[in-house]
Amino acid sequence: MLVTIIVFILVFGVVVISHELGHFLIAKLNGIRVLEFAVGMGPSVVKFTKGGTRYVLKLLPIGGACMFEGEDGRISDDSKISAEDNEAAYAVKVGKAFNEVNVWARIATVFAGPFFNIVLAFLLSLIVVGFSGEILPVVNSITEGYPAQEAGLMAGDVITRIDGERIYLQGEVTIASAMNQGEAMELEYERAGKRYTTMLVPKYSEEDERYYIGFTIGEVIECRGLNLIKYSALEVRYWLKATIKSLVMLVQGKLSANDLSGPVGIAVTIDETIDEVKPYGISSVVLTMINFAVLLSVNLGVMNLLPLPALDGGRLLFMFIEVVRGKPVPPDKEGLVHFIGFVALMALMVFVLYNDIARIFS
């Protein structure tokens, strides 16, 4: 369990630091005064001030924050900040307030957090793909009595498109099959240099309670040089697609809120994954956890870009409204919307936490 906690802190910490570092660096680049760069939540464990910014490490290894001067439309009272923190250096003004720079500088600063998560995912993918290679969507075998056999698919066929969507990796086929609810699928595949198209309807398995196309798939290739860059980018693309499709299914009601996981659920998944991979050696565990960090980083990036109050996407929405209107939305009105969104977000986090704990005991 101690190993799981350490891995969880490392994985979550790297992903969160990357996100907040994106905000921080682009804010500094645009001359915005950063009041606080915090990692974690709850009481402060370590804190120090440098260059007018307070750096804080908090007790709970979840979440983080990058606070800007005037972000809420008001300039802070430096005398109060200094008195509360007993740090005179913290009151030193370095840079402009968030609301004093032009709207595009603010958009870049807010967008940088999710963007850095995608960049981190790509850099980590270079490690995973470089050591493990990539898996191409090549059919290995056909299962008797399933749609793939009826459609005439054969071992060696390369899946190139599903429902018109370009396929590059084995995982894209797997997730298309896993998310299918019995709808007809159009498969394009390549055989001996020629391309063919077929329609099939996945068959339901009572035992597994899901639909199957009816083949095994996957051919591992080594990736070096430009291929490493190409397939690392395709790996990130795959996780982006998986995350977005999951969100769409959640909105459509094909997934429920019970399918969401919070920090506790993530920790449990890490623990179970370590147990499964451990027999293959420490290198397999490390690579699997790095791959898990790729998934988590992409998820954090996409979720934060949703146009919902209190999230980066919600703040970006108000800024784009400002671009269209030619003037900002009144700070008090925007602040109220974000406050309501924050309360709703906290309620969702409590619900997800309850579900995570309930799943453990059940």
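A salt bridge here is a side-chain nitrogen of Lys or Arg within 4 Å of a carboxyl oxygen of Asp or Glu. The model is predicted, so local features need pLDDT of at least 70 and side-chain atom pairs count only at pLDDT 80 or more, while totals for chains, interfaces and linings use all residues. Residues are numbered from 1 along each chain as its sequence is written, and side-chain values use heavy atoms, with hydrogens and water left out.

**The whole protein**

Start with everything shown as a cartoon. The secondary structure comes to 10 helices and 10 strands; helices (H or I, at least four residues) and strands (E, at least two) are DSSP runs numbered from the N terminus. The C-alpha trace spans about 75 × 50 × 45 Å along its principal axes. Of the 362 residues, 41% count as buried, where buried means under 20% relative accessible area, exposed over 50%, and partly exposed in between (1.4 Å probe, protein chains only).

**Stop 1: Glu172 and Arg237**

Select Glu172 and Arg237, whose side chains meet in a salt bridge (2.6 Å, N to O). Glu172 lies in helix 5 (residues 170–179) and Arg237 in helix 6, so the pair ties together parts that are 65 residues apart in sequence. Is Glu172 buried or exposed? Glu172 counts as buried, at 3% relative accessibility, whereas Arg237 is partly exposed at 26%. The structure holds 12 salt bridges.

**Stop 2: Thr243**

Stay on helix 6 (residues 226–251) and select Thr243, which lies in this helix. Thr243 counts as buried, with 5% relative accessibility. Which residues does Thr243 touch, not counting those up to four places away in sequence? They are Val298, Asn299 and Val302; contact means heavy atoms within 4.5 Å.

**Stop 3: two further salt bridges**

Select Arg195 and Glu190, which form a salt bridge with their closest N and O atoms 3.3 Å apart. Arg195 is partly exposed at 47% relative accessible area, and Glu190 is also partly exposed, at 27%. Then go to Lys278 and Asp275, another salt bridge, where the closest N and O atoms are 3.6 Å apart. Lys278 is exposed, with a relative accessible area of 52%, while Asp275 is partly exposed at 44%.

**Stop 4: patches on the surface**

Switch to a surface view. Patches are made of residues with over 30% relative accessible area and no salt bridge; like charges are joined within 9 Å, and nonpolar side chains (Val, Leu, Ile, Met, Phe, Trp, Tyr) within 5 Å.

Select Met41, Val45, Val46, Phe48, Leu57, Leu59 and Leu60, which form a nonpolar patch with about 630 Å² of accessible area together. Strand 1 (34–50) and strand 2 (53–68) are the elements that give two or more residues to this patch. Strand 1 contributes the largest share, 4 residues. Leu57 lies in strand 2 and is partly exposed, with a relative accessible area of 44%.

Where is Glu209 placed? Glu209 sits in the loop between strand 8 (203–205) and strand 9 (210–212). Glu209 is exposed, with a relative accessible area of 62%.

Key. Areas by Shrake-Rupley, 256 points an atom, 1.4 Å probe, with all protein chains shown as cover.
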